[in-house]
Amino acid sequence: MEEGCCATRYPVLFIHGTGFRDRQRLGYWGRIPQALQARGARVFFGGQDSWATVEQNAALLKQRLEEVLAETGAEKVHLIAHSKGGLEARYLVSSLGMAGQVTSVQLIGTPNRGSRTMDRLYRLPRWAFRLAGFFVNGWFRLLGDRHPDFCTACFQFTTAWAETFNAENPDVQGILYRSYAGVMDSCRSDVFMSWQNFIIGLVEGPNDGLVTLESALWTGFQGPWRGVGGRGVSHMDLIDFRRRPLRWRGRRWDVVDAYVQIVAELRQWEQSAAPL
């Protein structure tokens with residue numbers, strides 16, 4: 001798309017998922033931020049914890065959002081959130097009183113309805129989760145997490161938690177919600193997501209290696225991204241983990257192009273009297 005196509009009136013705040021951090025120098029979002037900035041977008045990062053709860057991270061995001069507004073002088077922001085970050089974005093808007101400062105919420109591979117696979121895993125003995133939590137929490141504190149809580153964060157991927165969360169955090173009228181998903185065509189599509197895709201596929205159905213298509217479905221669903229050549233698009237592909245397009249027999253699909261289209265359409269929506 002042409003230069004300036006992503007020059008939205010409001011800045012874009014990226015919100016990362018579980019287990020990683022999204023500061024630009026660490027590259028959680030791959031080539032995506034640079035591509036948007038080259039086309040006029042003002043891009044910022046949430047910088048919340050890797051393994052904190054939805055509620056704790058949303059509180060950190062509220063502070064970050066207020067910083068972005070103060071720095072830019074803007075009245076509102078667009079939120080683009082991946083995976084669990086989408087739940088945090090929704091909580092930020094619906095439960096923390098920030099609806100007036102948010103104009104759109106874009107959910108990328110977000111487990112909005114939880115995971116039946118996690119339901120089964122959560123039946124494991126509590127000591128197993130506590131032991132894992134001891135090591136995960138300790139490690140991520142060293143990496144900069146302020147409030148890591150592995151056990152509670154895992155519970156927040158269950159379907160029971162999601163059902164309550166959805167009831168308590170409905171969409172806010174006047175905000176543009178859109179949701180997106182990836183689908184791996186087989187467990188061979190992505191070596192990093194292969195066994196997860198296989199297990200979740202047996203238990204639940206089509207998925208991106210972590211989140212099912214069914215769970216990612218939310219308001220304004222734009223259809224699954226499938227890439228080219230029967231490979232599909234994994235949870236890691238959704239954030240440009242490999243820093244290159246997917247190619248097959250002369251055809252290509254680049255997730256960067258998908259994000260450019262998202263933000264370009266947000267610019268059009270800002271300029272339009274009616275939503276797209």
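Predicted model: local features only at pLDDT ≥ 70, side-chain atom pairs only at ≥ 80, totals over all residues.

Residues are numbered from 1 along each chain as its sequence is written, and side-chain values use heavy atoms, with hydrogens and water left out.

Q: Which side chain does the side chain of D190 make a polar contact with?
A: Start with the place: D190 is in the loop between β5 (176–182) and α8 (194–203), with helices (H or I, at least four residues) and strands (E, at least two) taken as DSSP runs numbered from the N terminus. D190 is buried, at a relative accessible area of 0% (buried is under 20%, exposed over 50%, partly exposed in between, with a 1.4 Å probe and protein chains only). A polar contact is a pair of N or O atoms within 3.5 Å; within protein, one must be able to donate a hydrogen and the other to accept it, and residues adjacent in sequence count only if both atoms are side-chain atoms. At 2.5 Å, the partner is the side chain of R242.

Q: How far apart are the closest N and O atoms in the salt bridge of D254 with R31?
A: A salt bridge needs a side-chain nitrogen of Lys or Arg within 4 Å of a carboxyl oxygen of Asp or Glu. D254 counts as buried at 6% relative accessibility, while R31 is partly exposed at 26%. For D254 and R31, the closest N and O atoms are 2.8 Å apart.

Q: How many residues apart in sequence are the parts that D49 and R146 tie together?
A: Their side chains meet in a salt bridge, 3.2 Å from N to O. D49 lies in the loop between β2 (43–45) and α2 (54–72) and R146 in the loop between α5 (126–143) and α6 (150–155), so the parts tied together are 97 residues apart.

Q: At what angle do helix α3 and helix α7 pack?
A: Axes here are lines fitted to C-alpha atoms, for helices over the stretch in contact, and angles run from 0 to 180 degrees between N-to-C directions. Helix α3 (residues 84–95) and helix α7 (residues 159–168) have their axes 10 Å apart, and the angle is about 35°.
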